[in-house]
Amino acid sequence: MKRLTYFKNTLLAGLVIAMTVSCERDISDDAVIATFPNTPDIFTDAPVGLTDQFFQSFNPAFGANPNGFGTDDNEAYEGTSSIRIDVPTPNDPDGNFIGGIFTDRGAGRDLSGYDALTFWAKGSLTASIEVGFGTDFETDTYPVSTIIELSSGWKKYVIPMPDPSKLVQERGMFLFSAGSFDVLGNDNFNDASTFADNLGYTFWIDELRFEKLGTIDLLFPYILNGQDQETDIFTGYTQTIGGLGATFNLGTGNNVSVVAARPYFDFSSSDTSVATVTSTGDVTVIGPGVATITGSIGNAQGNGSLQLNSAGSFVNAPIPTQAQADVISIYSESYTSVTGFNPGVFAGSNTESISVQGFDGNNHVNYEGIDFIGIGWDGTVNVTGETMVHLDVQLTSAPGSALVMELIDFGPDDTDNGFGDGSAGGFNVSSQLIQGEWVSIDIPLSSFTLPTGGGGAGSPNLGNIGYIVFVSSNGASFLVDNIYFY
Amino acid sequence: MKKIIKNSILALTIISSTVFVSCDADETQTVATLNNLVMADEFDVDGAPNSSLWTYDLGDGTQQGLPPGWGNNELQVYTNNAENVEVQNGLLVITAREGNSGGYTSARIKTQGLFEQQYGRFEARIRLPQGKGLWPAFWLLGSDCDQNPWPACGEIDVMEYLGNKPTVVFGSVHGPNYSGGDSISKEYELTDDRFDTDFHVFGIEWSPGRINYYVDDVLYQSITPETIAEETNGEGTWVFDNSFYIILNVAVGGNLPGFPDANTTFPQRMFVDYVRVYN
């Protein structure tokens, strides 16, 4: 087959200085010349325009091993030399991982004309390492990073730049971080011994530079890892938007995602009378209504959003009116209460969540989707001299939610050891609950007559009360405050 | 006579502090010679494609007597619905969609019986879709395929593209003893751009005894009867001395592109700025 191919001849003979000249767009007389150099190369056969230090390690105090970095004149993708990095084993006394940065020796480079950091690399093992740019150990304004898997032969890697227009004076040229190779795939960050079988290895990097490839397509930025989240909250709620990055389609057709710092993003709120968001992604709810927080890079709208359903100002439970001297308080800011209060000393396996939340300095406990939970404290309380127990409850699940309150008396031994000397009884509060409103419930201590889920027969003794238990047969959610005997 | 001159070549010589820049091309390439416009659809009228020029291939191929999947195990069902084919804002838009039940719809339009021509320059300006499994094409089929079954009637693929290779297109001919996977074909790769982020011009110039393929201003393949004889060890014959009609389509899945994967998003669109034919 005769093939007539058109060859693009590019002849570039540069003497004295290197220049870039485009015939398609002439530089006009009043063109603004970039303030900082746009040198693309970082390492070819030697560092290009980097600090004399070349490699700046992460802090050895945090385990970074500063010893495994160097150049190798026996390995090169192109030319005569490459960067060689020896990744330590987990037991290396000098540090169990290696990583750090290269920075520009000057005031920074103008990278706005490039669209990717590229390099060639190969590894003695097919380990995964972190690589990126934009970290300078000073301002760390525009970090970008991703995880790559090494291969045993030289391979070109492309790290797309989310928004090159931001990088007009960047000192952070390159970042890498590499830990030992999990050869058995059993690493567990909660168990250091699982790292003991990991292997050290070596990898090489060559022809490290910024490039204008033209073949990269930004598919979408993302916030919150691309998830659409929704939460019911009140005025005063704050959250910082995380999970930031961007996904690109490379000229190879493969997708690459990078983690990108907040300053690449513009955040916005769909209703700034409900919630505001700062340029650093800090969200504050300021009023009732619904607001959705989104993020974008340049003109590209990000995937992922945070929908805030604000009920407005939270109304705290009513302030109790009993005198301190007349109460034995378990949980209330209005009284001196028991020490060691624990809103979930035990909980059934289906209970979804137990948390303490506060508004205007007044805390309450938020129980979500419980089957049963136990409230505990230090020691026991003797309420034989009292006649009533009080609590404020706000139902947050649907009307009809079932809720039984139980008192558990440990008996004279003051110990939670069953019903030898202990006793327990329950009272059904379901009918008194109103969704979305605080209800003050006052129960005579003589009314805890129901048998309990734990085997109590009802009508407990009152001299050594050690737990208050809530039981729901249908997963009730509710808020509780101001639990006291009087 | 139209000459498109490659002018990105630059010869730069710097001597001392004197800078001499030459923008003169030191090489010219005659890409297209035919300049007499005989048919053009600029897609300037919103709505369905001009019915005096375009008709449809519909369904999954079985109505055409092919096995389901148009003989290539393609996944899409072609429709003439506006959501699959519509002229909007000066562009023909062919949209491949994923149905709720997992199947795909798309469109394939053709000038069969409405515009058919032997020889000439066939050109279109197109922005292509993205993602594995997407297989758009701008191609010609012999007008006599009904009487003289494919591949004997001939097929000229001006442009084919696979959505997971966004920098590569290919041009091909199919005929007796060089069809399907054995077609005569050549790739053209962009080194600093992509086909799915901007428009590019795809064309052939077809004359007695030669079909030249070009992308933008680059001629990348020339096929002659001698090419066919060489590529087929003398088994194949030149079947490109009849009239042909134009087809534009976006296929999904099939033997050549493979199936969409987790990174393929729908809908995906092929935008056609114009189709022009010269002789």
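This is a predicted model: local features need pLDDT of at least 70, side-chain atom pairs count only at pLDDT 80 or more; totals for chains, interfaces and linings use all residues.

Guide: Leaving aside residues up to four places away in sequence, B:Phe202 touches B:Ala124, B:Ile126, B:Phe138, B:Val158, B:Met159, B:Val169 and B:Val215. This residue belongs to the largest nonpolar core, which has 68 residues. Within that core, B:Phe202 is one of five residues that touch the most other members, the others being B:Phe138, B:Ile156, B:Val158 and B:Val272. Two of these, B:Phe138 and B:Val158, are also among the residues that B:Phe202 touches. Another core, of 63 residues, lies apart from this one, and its members include A:Ile42, A:Val87, A:Leu111 and A:Leu244. In soluble globular proteins, nonpolar side chains tend to be buried together.

Chain A contains 34 strands and zero helices. Its radius of gyration is 32 Å, well over the 23 Å given by the globule rule for 486 residues, so chain A is more spread out than a compact globule. The C-alpha trace of chain A spans about 100 × 55 × 50 Å along its principal axes. The domain assignment divides chain A into domain 1 (41-211), domain 2 (217-310) and domain 3 (324-485). Between the centres of domain 1 and domain 3 of chain A, taken over C-alpha atoms, there are 56 Å. Of the 486 residues in chain A, 37% count as buried. Among the contacts in chain A with a separation of 6 or more, 71% join residues 24 or more positions apart.

Key: Residues are numbered from 1 along each chain as its sequence is written. Chains are lettered from A and ligands numbered from 1 in the order in which they are written. A nonpolar core is a set of buried Ala, Val, Leu, Ile, Met, Phe, Trp, Tyr and Cys residues joined through C-beta atoms within 7 Å. A residue is buried if 20 or more other C-beta atoms lie within 10 Å of its own, exposed if 12 or fewer, and partly exposed in between; C-beta atoms are placed from the backbone. Two residues are in contact if their C-beta atoms, placed from the backbone, lie within 7 Å. Helices (H or I, at least four residues) and strands (E, at least two) are DSSP runs, numbered from the N terminus. The radius of gyration is taken over C-alpha atoms; the globule rule is 2.2 Å times the number of residues to the power 0.38. Domain bounds come from an automatic or database domain assignment.
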